[in-house]
Each structure stands twice: as structure tokens, then as C-alpha cells.
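My notes follow the model below.

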Amino acid sequence: MDSIKVGLLGLGVVGGGTWKVLARNRQEISRRAGRNIEVTRVAVRDVAKARKLLGPDVPVDANPHAVVNDPTIDIVVELIGGDTLSRELVLEAIKNGKHVVTANKALLAKHGDEIFAAASQRGVMVAFEAAVAGGIPIIKAMREGLTANRIEWVAGIINGTTNFILSEMRSRGLSFDTVLAEAQKLGYAEADPTFDIEGVDAAHKLTLLASIAFGIPVQFDKAYIEGISKLASEDIKMAERLGYRIKLLGITKRRPQGIELRVHPALVPAKSLLANVEGAMNAVLVKGDAVGQSLYYGKGAGEEPTASSVVADLVDVARLMTSDPEHRVPHLAFQPDAMSDTPILDIGDVVTSYYLRLTVADQPGVLAELAKHLADAGISIGSMIQQPNDASDMADLIFLTHEALERNVAQAITKIEALPFVRSRVTRIRMESLA
Ligand code: HSE
């Protein structure tokens with residue numbers, strides 16, 4: 001049988017890894033796919049640099065349109081990132097009847113509905129295992145392995161850079177800036193590291209996981225996003241004292257009124273599996289009604305781990321390209337005509353527990369009044385500690401609440417911050433029991 005011809009757009013970290021893995025495991029991959037998979041054309045910005053890796057035989061273009069319009073190419077692998085040129089190229093490839101493999105979570109989180117609709121109409125596949133959690137086959141697991149389940153929630157550490165930063169800050173007591181510089185040197189961070197630090201990268205990935213979990217359109221614009229840049233090291237230490245660790249979590253949860261879709265730092269019990277996912281590793285915990293909890297752990301970034309997912313998609317496409325498009329696994333796990341319009345909940349409608357820290361004047365009646373404000377807002381206190389502040393007439397208070405409605409917590413915080421004896425803003429960090 002003829003080999004599958006692949007056109008590669010981009011030869012950066014993931015593109016280079018894909019080239020290397022395909023070359024090194026050529027035989028093994030073709031035994032699995034049933035055909036050879038060959039990169040026959042590449043488009044890159046720096047042609048001379050690409051030549052060094054590819055050798056003299058593979059045509060290299062500076063113009064990516066030449067690749068997506070090449071009639072000999074069966075599959076276009078999009079690894080250039082961004083969501084402008086990549087969108088244009090992916091839609092052009094689909095129009096030309098080519099299958100697409102992409103690692104581009106930003107592209108799919110924003111334009112997935114348009115891209116998947118175009119692909120379904122043209123009868124081609126758009127595979128994106130590498131877009132979520134790098135080398136972990138989480139898309140395959142959720143879309144196929146868990147297909148019997150009604151998924152209840154998904155909670156994941158899906159950004160390696162922030163997990164690396166939080167782990168190093170906690171274990172080595174280093175500052176945020178020092179650890180960020182290290183993460184960038186190690187190649188974990190996005191080109192624009194604010195995407196990592198501010199939770200945007202995790203929200204792109206979570207958006208895709210939510211669609212696959214619940215059969216809803218991709219709705220990145222409705223995700224609540226809070227990063228780690230405002231996290232104080234004293235809260236990281238305090239969380240540890242209380243038996244928790246702070247992780248940047250992506251959480252999507254089915255509730256009677258709609259779906260929660262949120263990325264933010266969260267205290268998780270120190271003994272939970274997710275709390276022990278350290279460094280740049282990723283992990284996704286999925287709760288299905290039949291299977292219970294299942295955990296997927298591995299490298300969420302890097303050259304060959306991400307290439308592992310790109311190549312797995314290439315093999316999947318190679319195996320399925322001759323099949324009837326209607327009998328392939330749907331892009332978002334559910335049949336396109338069976339997608340649900342369940343709304344995404346506003347952050348005010350989210351229900352979770354909270355860690356609240358504030359500094360107060362150390363005088364009679366303070367605790368009673370704070371407890372009353374929380375009680376008036378329907379917030380039940382789970383536990384509370386008081387510790388001395390550097391100023392002798394003040395004290396730091398930490399409350400851990402039971403589950404409460406976020407809107408009520410926000411209102412209580414506004415009232416509490418206005419009290420005369422309160423001497424700081426209230427630090428509010430959500431808590432997840434993951435039970
Ligand atoms: N910058 C991402 C991370 C890797 O830190 O996890 C690719 O998604």
C-alpha cells in the first residue's frame with residue numbers, strides 16, 4: 001500500500017520531536033498503522049535551519065500555503081501555534097480534503113466549532129490529542145475509553161509551567177520570578193508566558209475537555225480564568241500547615257443548573273493524588289458515574305512527549321482514513337447533532353469551599369462580628385485559626401469554609417473589608433476536596 005504523506009507546518013520543539021519520533025520508530029509505527037507514514041513536505045520560517053534537521057531529501061517551503069495546497073499530501077500537521085494564520089491554514093487544508101493533526105489548543109478552544117463543522121462537512125478528521133496535556137492520551141481516554149459513563153467532573157493540572165513554579169516555590173522557598181525564569185529556560189513556558197501564568201493555556205485545554213466530557217460546544221469565552229501571579233508565598237506556606245497544597249486547577253463540573261468551567265489556584269488535600277503531581281508534570285482526574293475516579297498522569301509538554309501524541313493521531317488517521325466518515329469517533333465525543341446547549345455557569349453560581357485570610361485589630365468582638373457576617377451570607381465555617389501578626393496589636397485570621405455559593409462569599413468579603421477593625425484585603429482561595 002502507498003505510504004501516508006504528511007505535510008508538516010512548523011518545525012519547532014514539537015515539529016522537531018515529531019520528525020525524530022517518526023524517523024526513529026518508523027518500523028514500529030508502520031507495523032501499527034499498516035502503512036508507512038512519511039513527512040514529504042515541510043513549511044517553516046527558517047528554511048536553512050530546517051535543512052540541518054531534515055537533510056537534503058524533504059522539500060522545505062517558507063510558504064505554508066504551498067503545503068496545504070499540495071495535492072499529494074494526505075495529512076497536514078499544524079504546529080505553528082497562534083490562532084490567525086493557523087486557522088486559515090487548517091480551514092484551507094480541510095477545504096482541500098486533507099485530514100489535520102494539530103497541537104494547537106488556542107486555535108481549537110476559540111475556533112473549534114467552526115473547524116470541526118467544516119471538517120465534518122468535508123468528511124475529514126481533525127485530531128488534537130497533543131493539544132491537551134501533551135503526551136497524556138487524555139482525549140483518547142475520555143472520548144473512547146470512558147464512553148459508557150455520564151461524566152460528572154474533570155479536574156486537572158494541565159499547565160506544566162505553573163505546576164513547576166508552584167512546586168519549586170513550595171519545596172525550595174524560591175520566589176515566583178526566579179522559578180519562572182527557570183521554567184522558561186527548560187522550555188516549558190509558552191512563547192508568551194502570561195498565557196501560562198495567568199491560566200489562559202490551562203483554560204484553552206479545559207475548554208476542550210469540557211466539550212468532550214459533556215458534549216457541549218467549545219466556549220473558551222465563558223471560562224472563568226484566574227492565574228497564579230497574585231498568589232502570595234505566605235498562602236503557599238499556610239496551606240501546607242493546614243494539610244493542603246495549592247495547585248492551579250482546571251475544573252469542569254456538571255451541576256443541575258449548568259456547567260462549571262473554571263481555572264484558578266485551589267487548595268487540595270496534601271494527601272490527594274493531584275496534590276502530589278509535582279514539577280512540570282500534568283494529571284487529569286475524571287469522575288464518571290460508572291468508573292468512579294480515574295487519573296491520567298504524564299508529561300504535559302516537551303519535544304518527544306508531545307510528539308508522542310501527534311504521532312498517535314497520525315496513526316489513528318492512517319487507520320481510519322478509508323472508513324466511512326459517519327462511523328468515525330466524533331470530534332467532540334458526541335455526535336454533532338446530539339450536542340447539548342447546557343449553559344456554562346457564571347463564576348458567581350459556582351459552589352465550592354474557601355480559604356479566607358485577613359489581618360484584623362486584635363480586640364474583643366472581632367471574631368464574633370466576622371462570624372456573623374459569614375453566617376448572614378449563608379457561609380458555614382469549617383475551621384479557623386488565629387496567628388500573631390508582626391504588629392503586636394493585630395492578628396492574622398484564616399477561615400476554611402464549608403461549601404458556599406461564590407456570589408455569597410464575594411458579597412461577604414466586600415462587607416468584611418469595609419469593617420473598621422479589618423486591616424487588609426481578604427485573600428480568597430478556593431478549595432477542592434476532589435472527593
Ligand atoms: N506551556 C504549556 C505548559 C505546554 O506549561 O504546560 C504546552 O501546552
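I began with G160: one of its polar backbone atoms is 2.7 Å from an oxygen atom of the ligand. I count a polar contact as a pair of N or O atoms within 3.5 Å. An N or O atom in the side chain of K105 is 2.6 Å from a ligand oxygen. For K205, the side-chain N or O atom is 2.8 Å from an oxygen of the ligand. Taken alone, the ligand exposes 260 Å², and the protein buries 91% of that (Shrake-Rupley areas, 1.4 Å probe).

This is a predicted model, where local features need pLDDT of at least 70 and side-chain atom pairs 80 or more, while totals for chains, interfaces and linings use all residues. Numbering runs from 1 along each chain as its sequence is written, and side-chain values use heavy atoms, without hydrogens and water.

Last, I looked up the domains, which come from an automatic or database assignment. Domain 1 covers 4-134 + 303-338, domain 2 138-299 and domain 3 347-431. The C-alpha centres of domain 1 and domain 3 are 50 Å apart.

Key
Polar contact = N/O pair within 3.5 Å; in protein donor to acceptor, adjacent residues only side chain to side chain.
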